[in-house]
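Subject: Structure handover

Hello,

Here is the structure I promised to pass on. Please open it next to this email and follow along.

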Amino acid sequence: MNDRKNIGGFILFTMVIAAVFNFRNVINNYVSIGTLAAPAFFVATIVYFIPFTLIIAEFVSLNRNSESGVYQWVRSSLGGRWAFFTAFCYWFVNLFYFISLLPLVLVYAVYMILGRGVQVESWAIAVFSITLFFLATWVSTRGAKWIGKVTSFGATLMLGMAVVFIVGAVVALLGGITPANDLSIAGMKLDPGSGLTTWAFLGTLAWIIQGVGGAESIGVYLNDLRGGAKAFVRTIVIAGLTIGLVYTVGTWLMAVFVDKSEVGYENGVFVTMAAAAEHFGMSGDVTIRIVGVIMLAATLGGLMIWTSAPVKIFFSEIPQGIFGPKVVALNEQGVPVRGAWIQFAIVVPLLVIPTLGAGSSIDALLKIVINMTAATALLPPALILVAYWKLRKSYDSASRSFMMGRRGLGLGVATFLVLLFTVCFVAATFPEDQALWLTLVYNVGGVVVFLGAALAWYERYIRRLRAEDPEAARRELMPSAHEQSERNAQEDAALLAAGTDEA
């Protein structure tokens, strides 16, 4: 028997950091709501990231013989229809992630080469992004194992940059610097007079929840960790608190060197790092170029990985027969080539539409796509939370090695998080300062069209399956935890009958 317990706690800890932490989240949220983002990050870590990770651990322990991730987790309590829908949502969310990632490649490249930002028309950004994504798709279908090294290199440097910034800001404070913004608790309050309304804050809270997301990508390693569920829970809680503290302290210390009004989504990391470097007598111009290299490496690596990985996972995880054999066929590198180019064809209009509402401002373009990325990113974890609520309500007797407390606690946590996600999703989908036509076409229309098409496609598959094999269709729609509960009931009945016969 193969012993897979080959990952230690420290390795898992670093994997969580790499999967979740991104310094861009610090910049984006400081630009949006200032130092109020600092306590919001920490609260999101406590009330969302850690409980959600424990929920993932429970799903993994329930499906300990499965390797297919979210599909099997949701199928446990909601059946195949919603399992497919959730798997589709993870792929669908990634489409919007491209829209926020691709323009940044140009931004970071310009800062790396010129040491400053330049005004670029949003339509030119779209053309560049489409061309870049075409090349990324072409490369990803031919295998790009070396890209993983670029991703690791960039992510490590980004984390190191964040730590250096935090240490430098603390040293500057101890040296008597006058902060650019109010660092007190009073400075973190929601002040409508500043233009920041409660609705805008709730929309930005979706960005923060997205910023501490990623636990679902780590939960699949529970079976590989030495120490099992207890070690997993302990490590993930420590990692979650560490990430929350880095995000919280980093966002708070942004106000040491730069005023919120001086930074934007495009230039925030460069303005901040240059100001920090100049405070210590170093060249701001050189610092900007170094930061450009770091951010460009991390972004390019992430682009290449996410171009191939989600499409491969989605088309290989779902049941055979939903899509045609040519769509899911893998090449010699294990990549569904036609699926990758279908993804490209869908991303192109999603890149073009926001440019119509952004005018000539790349900052406005980035705000639109970051907002929509955060909103759609709430859909998959929300579906996992609904599946968990159903598990604790209807199938709590299903056998698993780890449970997040008693049934009442599990139901309470799931209910609270589903309600929180609902409010944040609506606020992010309908931002108050965005053109109504853009909201209806892009934010609402994109979600309704793609998710509606996914459900319609699945219903087509089920109709065919019912006609060919009604029992297979029944099993596909039946929650797997229900089957386990039936087996447990049969075993209990058999044991009871045996005991009665002995008596």
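Below is what turned up, starting with the aromatic residues. Please keep in mind that this is a predicted model.

**Aromatic pairs**

Phe84 has a relative accessibility of 1%, so it counts as buried. Tyr458 is at 0%, so it counts as buried too.

Phe165 and Phe257 make a pair of their own. The ring centres are 6.0 Å apart and the planes meet at 55°, so this pair is tilted. Phe165 lies in H6 (residues 147–174) and Phe257 in H8 (residues 228–257), so parts 92 residues apart in sequence are tied together. Both Phe165 and Phe257 are buried.

There is also an aromatic cluster. Its members are Phe84, Phe88, Trp91, Phe92, Phe450, Tyr458 and Tyr461.

**Helix H16**

H16 has 33 residues, which should span 48 Å at 1.5 Å a residue. The end C-alpha atoms are 46 Å apart, which agrees. The helix bends by about 45° at Gly445. Look also at Arg460: its charged end sits over the ring of Trp457, 4.7 Å from the ring centre.

**The nonpolar core**

Which residues touch the most other members of the largest nonpolar core? They are Phe23, Phe59, Phe84, Met161, Phe165, Phe257 and Phe314. This core holds 143 residues. H4 gives the most to it, with 24 residues.

Take Phe59 from that list. Leaving out residues up to four places away in sequence, Phe59 touches Trp73, Ser76, Ile384, Ala387, Tyr388 and Leu391.

**Ile353**

Ile353 is in helix H12 (residues 337–358). Is Ile353 buried or partly exposed? Its relative accessibility is 22%, so it counts as partly exposed; the cut-off for buried is under 20%. Beyond its neighbours within four places in sequence, Ile353 is in contact with Trp437, Leu438, Val441 and Tyr442. Ile353 and Tyr442 are 89 residues apart in sequence, but their C-alpha atoms are 7.1 Å apart in space.

Best wishes

Conventions:
Residues are numbered from 1 along each chain as its sequence is written. This is a predicted model: local features need pLDDT of at least 70, side-chain atom pairs count only at pLDDT 80 or more; totals for chains, interfaces and linings use all residues. Side-chain values use heavy atoms; hydrogens and water are left out. Buried means under 20% relative accessible area, exposed over 50%, partly exposed in between (1.4 Å probe, protein chains only). Rings of Phe, Tyr and Trp (its six-membered ring) pair if their centres lie within 6.5 Å; planes under 30 degrees apart count as stacked, over 60 as edge-to-face and the rest as tilted. Helices (H or I, at least four residues) and strands (E, at least two) are DSSP runs, numbered from the N terminus. A charge sits over a ring if NZ of Lys or CZ of Arg is within 6 Å of the ring centre and within 35 degrees of the ring normal. The expected span of a helix is 1.5 Å times one less than its number of residues. The bend at a residue is the angle between axes fitted to the seven residues ending there and the seven starting there. A nonpolar core is a set of buried Ala, Val, Leu, Ile, Met, Phe, Trp, Tyr and Cys residues joined through side-chain atoms within 4.5 Å. Contact means heavy atoms within 4.5 Å.
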